[in-house]
Structures are given as structure tokens and as C-alpha cells.
Amino acid sequence: MKNISESRELFGSRFGIIAATAGSAVGLGNIWRFPYVAGANGGGAFLLIYVGFVLAIGIPVMLSEFVIGRAAHKNAIGSFRALAPGKPWYLVGIMGIGAAFMILAFYTAVAGWTLEYVYQSIIDGFSGKTPEQLEEMFTGFRSSSFRPLLWFFIFMILTAWIIMSGVKKGIEKSTKILMPLLVIILLILCVRSLTLPGASEGVKFLFKPDFSKITPRSVLEALGQAFFSLSIGMGTLITYASYVPKHNNLMKTSGYVAMVDTVIAILAGLAIFPAVFAFNIPPMSGEGLVFMTLPNIFGQMSGGYFFSIIFFVLLTVAALTSTISLLEVIVAFFVEELKIKRKAATWISAILVSILGIVATLSWGTLKGVKIFGKMIFDFLDYTSANILLPLGGFFIVLFVAWFFGRDKVEAELTNNGKLKSKLLLFFYFAIRFLAPLCIAFIFLNGIGLLRF
Ligand code: TRP
């Protein structure tokens with residue numbers, strides 16, 4: 001048998017695999033998106049539904065991607081081609097590459113904002129400003145052209161630079177440093193936030209379920225958030241799993257990654273809501289939460305200068321370990337399917353994504369009037385990818401593993417040819433055969449309005 005490690009780079013260690021994969025999962029989705037989505041959908045009740053989805057659907061979909069990627073040792077499209085030659089399953093991979101473009105475009109725009117806010121923190125740009133001024137600062141910045149684009153490009157170049165260095169020296173090495181840094185910063189922020197007088201209101205908000213706020217739409221939001229946050233449904237994890245050596249325990253890895261991702265989302269909530277409530281600031285819903293509400297709090301909090309710098313560095317780090325995973329999906333495809341050298345493939349991908357990214361970045365300013373299906377460009381990219389493409393991708397990925405790939409091959413991949421045992425295998429089959437596809441279909445159809453319950 002040909003030794004795959006000769007022809008293809010692999011991750012070097014178990015910690016590296018978890019750091020890279022959890023790095024993909026943990027991102028703006030946890031620290032920027034989760035708190036405001038949870039805040040708008042009833043706090044604790046949303047959290048419960050969310051955790052349920054992670055366990056019952058998220059982990060099975062994640063494992064399915066792992067199985068596909070590691071069995072084929074190829075990129076998102078190539079994997080389907082290798083495992084199902086001559087069949088149309090590779091279309092799922094194509095949809096995934098499309099989703100990677102869309103997500104990376106708007107995601108890097110927001111990642112760029114985090115750099116602006118690191119800069120503003122360092123120059124002490126928040127202190128002495130009223131909430132209105134801070135709001136103006138954010139909306140003014142976001143709707144301008146030059147600065148958001150500048151930061152967009154800086155972030156894109158940073159991402160491309162890591163990807164160019166390869167799987168081990170780029171992705172693995174950077175995430176092994178960045179992920180522990182992220183955890184340390186987040187813990188410091190949690191301690192600060194939780195020790196503020198009046199912090200308990202925020203804790204209550206996050207954990208006390210208010211089911212009256214749950215609507216069919218918020219259930220869809222919880223599923224979309226789970227997919228987005230776990231980086232599943234579009235082949236990111238197929239791509240990463242293709243770099244995982246055969247002896248790794250995929251079941252354990254998926255458990256760790258899902259756990260780290262969920263714990264970090266909760267910690268982000270614990271770093272944000274107690275402070276929001278302690279300063280008696282209405283938890284502004286929507287994407288302005290971390291960019292308008294928090295600077296206001298930092299301006300009033302003792303040590304706020306320091307905490308605002310580390311908070312926005314945290315956001316930047318979280319975003320970076322995710323953008324590299326998105327870019328890698330596209331680059332791996334270019335390298336393997338189109339036979340382009342890694343360096344050139346990285347530049348080409350980054351330039352192509354940047355074209356869409358410029359549009360996304362400017363959608364708050366110059367392109368404000370442009371609407372797609374009634375949504376501004378940025379919201380269109382965000383909504384379509386998280387609530388439509390990812391669930392759709394996840395649906396077909398689990399169907400592929402559950403009904404097409406063959407149970408013996410799935411089992412061989414999960415148990416490393418019978419070496420590992422797990423009582424959860426039966427649950428996994430049940431989840432990917434029935435539970436996940438049915439839940440995804442039901443919630444998806446309801447969310448897009450084709451079905452009403
Ligand atoms: N999961 C990341 C976050 O929570 C974003 C992300 C990275 C992603 N890769 C992805 C989302 C693939 C969906 C699919 O911020």
C-alpha cells in the first residue's frame with residue numbers, strides 16, 4: 001500500500017488536530033454571533049435547544065464529515081469523487097466550495113472590523129465617549145469605504161500567509177499557539193465580568209430559560225447557529241479530516257471539538273452578559289453587541305483599557321483560526337483538482353474571495369441600496385450560508401454516509417478497523433439515518449416558509 005504521508009501532508013499530533021479543528025469551529029460565531037443570537041432568542045431557552053442540536057445533530061454531522069475526509073484523504077469535492085466515482089455526490093462538494101466563498105467573504109469583513117477595534121482600543125478611542133458617540137463610531141466606520149477595506153485586506157493577507165505555509169507549518173503550528181492564547185484571554189475576561197457587582201443578572205439571563213421567546217424561527221436559528229459554529233455542512237471538516245492520520249480516534253476528536261466549541265460560546269456569553277447587566281446597559285440585540293455595547297462598558301470599567309485590548313485581540317484570534325480553515329477548503333480544491341501549486345492556489349483563492357469580500361464589506365456603505373431577495377448583500381450572504389447552504393450540505397453529507405457509503409466502511413473508519421470500541425456507534429447510525437436528516441429537513445422547510453407548524 002502506498003504511504004499517503006509521502007504524497008500528502010498530515011497533521012503531526014493529536015493536540016494539533018484538536019487545536020486546528022477546534023480553531024475552525026471556535027470563531028466569530030462563538031464570540032460575536034452566539035451572544036447576540038442567544039440574546040435575541042430568549043437566552044437560556046435558546047442555549048438548551050442549541051446544546052440539544054449540537055449533541056443530536058452537530059456531532060453526527062461532524063463525524064460524518066470526518067469519515068468522508070479521512071477515508072478519501074482528499075479535498076471536499078475530490079473526496080466525494082473518490083468515494084462515489086461517477087455519481088453526482090460531488091455536487092455536495094461543489095456547494096461546499098461555493099459556501100466557503102460566501103462565508104469567507106462576509107466573515108473576513110467582520111474580522112477586519114475586529115482589527116479596527118484592536119487599533120481603537122490601543123489608541124484609547126472609546127474612553128470619554130457617550131453610547132451615542134460609540135454607536136456613531138461603529139456605524140460611521142462600517143459604512144465608510146477605505147478603512148473597512150484596508151482591514152479586510154490585511155486580514156485576508158494574514159490568512160493567506162498562514163495557509164501558504166502548509167498544513168503542518170501553517171495551520172497546525174499557528175493554531176497550537178493561538179487556541180491556548182484564546183482560552184487564556186477568555187478566562188481572564190470571564191473573571192473580570194463575573195466579579196462585577198450585579199453580574200448575576202447576566203448569568204441568569206444566559207441560563208434561565210424563557211421559552212415564551214422561542215418561535216419556530218428561533219429553532220431554525222439554533223440549528224443554523226450550531227452548523228455555523230461547528231463549521232459543519234460544507235466540507236471544512238472533510239478537508240481537515242483529510243489531514244488526520246489513520247490512527248486518530250475520530251469519535252473522541254469530534255467529542256472534544258464540539259465540547260470546546262460549546263464551552264467557549266458559553267464562556268463568551270459569561271464574559272459579555274454579566275458586564276452588560278452590571279452596567280445596566282440594555283443588551284442591544286443584533287450584530288452591534290460587541291462593537292457598540294462592549295466599548296461603552298470598557299469605557300466605564302476599571303481596567304477597561306486593558307480589557308478592551310485583550311477582548312478585541314481575542315476576537316481577532318478566534319476569527320483567524322476560522323478564516324484559515326475556510327480558505328484551506330478552497331486552496332485544497334485548487335491544489336488537488338486543478339493541480340495548481342499551493343502558493344499560487346492560495347493567492348488565486350484569496351483574490352477571488354476578495355472580490356466577493358469587497359462587495360460584502362461595502363454593503364454597509366456604497367452598496368447599501370443593493371438588495372438580493374430583499375436583503376442587503378451582507379445579510380444575504382450570512383443568512384443564505386448559515387440557514388440554507390449549511391443545513392442542506394449537512395443533510396446530504398449524513399445521507400451519503402448513512403445510506404450510500406456502506407456501513408462496513410463507515411465502521412472501519414470510525415473504529416480504526418475494529419481497534420476501537422464505542423457504545424455510541426448505534427446512536428450515531430440512528431442519528432445519521434433518521435434523526436439528523438429528518439430534523440434538518442423539517443426545520444429547514446419551516447425556516448424557508450415551505451412548511452408551517
Ligand atoms: N465556525 C466558525 C465560527 O464559529 C466559522 C467557520 C469556519 C465556519 N469554518 C466554517 C462556518 C465552515 C461554517 C462552515 O466562527
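**A ligand and its surroundings**

Tryptophan 32 and tyrosine 36 are four residues apart in helix α3, which means about one helical turn separates them. Hi everyone, let's start with that pair, and please keep in mind that this is a predicted model. How do the two rings sit relative to each other, stacked or edge-to-face? They form an edge-to-face aromatic pair, with 5.6 Å from centre to centre and 70° between the planes.

Now, on to the ligand. Helix α3, residues 28–40, is one of the helices that supply at least two residues each to the shell around the ligand. The others are α2 (14–25), α6 (90–122), α11 (216–230) and α15 (304–337).

How many residues surround the ligand? There are 17, and the closest are Ala25, Gly29, Tyr107, Phe228 and Ser231. If we sort the shell by type, we get eight nonpolar residues, nine polar ones and no charged ones.

Let's look at some backbone atoms next. Glycine 29 has a backbone N or O atom 2.7 Å from an oxygen atom of the ligand. For serine 24, a backbone N or O atom lies 3.1 Å from a ligand nitrogen. Serine 229 likewise places a backbone N or O atom 3.1 Å from a nitrogen atom of the ligand.

And is the ligand buried or exposed? Taken alone, the ligand exposes 360 Å², and the protein buries 100% of that. The space that the ligand takes is also the largest cavity.

Methods: Residues are numbered from 1 along each chain as its sequence is written. This is a predicted model: local features need pLDDT of at least 70, side-chain atom pairs count only at pLDDT 80 or more; totals for chains, interfaces and linings use all residues. Side-chain values use heavy atoms; hydrogens and water are left out. A residue is near a molecule or strand if one of its heavy atoms lies within 4 Å of it. A polar contact is a pair of N or O atoms within 3.5 Å; within protein, one must be able to donate a hydrogen and the other to accept it, and residues adjacent in sequence count only if both atoms are side-chain atoms. Accessible areas come from the Shrake-Rupley method with a 1.4 Å probe; for residues, only the protein chains shown count as cover. On a 1 Å grid over the protein atoms alone, a cavity is a set of points where a 1.4 Å probe fits but cannot get out, and a pocket is an open set with protein on both sides within 12 Å along at least five of seven lines; lining residues have an atom within 4 Å of a point. A molecule sits in a cavity or pocket if more than half of its atoms lie within 2 Å of its grid points. Ala, Val, Leu, Ile, Met, Phe, Trp, Tyr, Cys and Pro count as nonpolar, Asp, Glu, Lys and Arg as charged, and the others, Gly among them, as polar. Rings of Phe, Tyr and Trp (its six-membered ring) pair if their centres lie within 6.5 Å; planes under 30 degrees apart count as stacked, over 60 as edge-to-face and the rest as tilted.
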